[in-house]
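This report describes side-chain interactions in a single model, by topic. Please read it beside the sequence and coordinates shown here.

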Amino acid sequence: QVKLVESGGGLVQAGGSLRLSCAVSGRTFYAVGWFRQAPGKEREFVAANSWSGGSTYYADSMKGRFTISRDNAENTVYLQMDSLKPEDTAVYSCAARTGQPRTDSYAYDYWGLGTRVTVSS
């Protein structure tokens, strides 16, 4: 059984940074994507990368501020978030799939429960 557990969320002031972690168990050779959902809004793609890390994708609004990375020895994928803005406030979830990373959420088979990020102005 594949399990994903996010951590690292919290409250931060605008301009600050957070690093989210996604610990994956039960599956290897997977792509991982990060998605977020703000109150009253649809889930949106944030970033994704392949098992090798050679293929990486970012949503346009996150480019230059967010960085996805992974430590396959630890089966953990990270999302470094810098220069945070109040509009980044959301529940951030990671998801896994076999094959190449995708930007559409329905392509992912396994999901974590999410971690909440709140950015104050």
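## Conventions

Buried means under 20% relative accessible area, exposed means over 50%, and partly exposed lies in between, with a 1.4 Å probe and protein chains only. Arg65, for instance, is buried, with a relative accessible area of 11%.

The model is predicted: local features need pLDDT of at least 70, side-chain atom pairs count only at pLDDT 80 or more, and totals for chains, interfaces and linings use all residues. Residues are numbered from 1 along each chain as its sequence is written, and side-chain values use heavy atoms, with hydrogens and water left out.

## Salt bridges

A salt bridge is a side-chain nitrogen of Lys or Arg within 4 Å of a carboxyl oxygen of Asp or Glu. Five salt bridges are found in a search of the whole structure. One of them joins Arg36 to Asp88, with the closest N and O atoms 2.8 Å apart. This pair links distant parts of the chain, 52 residues apart: Arg36 is in strand S4, and Asp88 is in the loop between strand S8 (76–81) and S9. Strands here are DSSP runs (E, at least two residues), numbered from the N terminus. Arg36 and Asp88 are buried, Asp88 having a relative accessible area of 1%.

Asp88 also meets Arg65 in a salt bridge, at 2.7 Å from N to O. Because Asp88 lies in the loop between S8 and S9 and Arg65 in the loop between strand S6 (56–58) and strand S7 (66–71), this pair ties together parts that are 23 residues apart in sequence. A network of salt bridges links Arg36, Glu44, Arg65 and Asp88. Another salt bridge is formed by Lys63 and Asp60, whose closest N and O atoms are 3.3 Å apart; Asp60 counts as exposed, at 64% relative accessibility.

## A buried glutamate

Glu6 belongs to strand S1 (residues 3–7). Glu6 is buried yet has no salt bridge, and the nearest side chain of opposite charge is that of Arg43, 8.6 Å away. For this assignment Lys and Arg count as positive and Asp and Glu as negative, while His and the chain ends are not counted.

What does the side chain of Glu6 reach at 2.9 Å? It reaches the backbone nitrogen of Gly114. A polar atom of the Glu6 side chain also lies 3.2 Å from the backbone nitrogen of Leu113. Beyond its neighbours within four places in sequence, Glu6 is in contact (heavy atoms within 4.5 Å) with residues including Ser21, Trp34, Tyr92 and Thr115.

## Aromatic pairs

Rings of Phe, Tyr and Trp (its six-membered ring) pair if their centres lie within 6.5 Å; planes under 30 degrees apart count as stacked, over 60 as edge-to-face and the rest as tilted. The whole structure holds five aromatic pairs. The ring centres of Phe35 and Tyr108 are 5.4 Å apart and the planes stand at 75 degrees, so this pair is edge-to-face. Phe35 in strand S4 (residues 30–37) and Tyr108 in the loop between strand S9 (90–98) and strand S10 (110–111) are 73 residues apart.

Tyr108 and Trp111 are likewise edge-to-face, with centres 6.4 Å apart and planes at 70 degrees. Tyr108 counts as buried at 4% relative accessibility, whereas Trp111 is partly exposed at 26%. Phe35, Phe45, Tyr108 and Trp111 form one aromatic cluster.

## Charges over rings

A charge sits over a ring if NZ of Lys or CZ of Arg is within 6 Å of the ring centre and within 35 degrees of the ring normal. The charged end of Arg43 sits over the ring of Trp111, 4.0 Å from its centre. Arg19 lies over the face of Tyr78, at 4.1 Å from the ring centre.

Key. Helices (H or I, at least four residues) and strands (E, at least two) are DSSP runs, numbered from the N terminus. A polar contact is a pair of N or O atoms within 3.5 Å; within protein, one must be able to donate a hydrogen and the other to accept it, and residues adjacent in sequence count only if both atoms are side-chain atoms.
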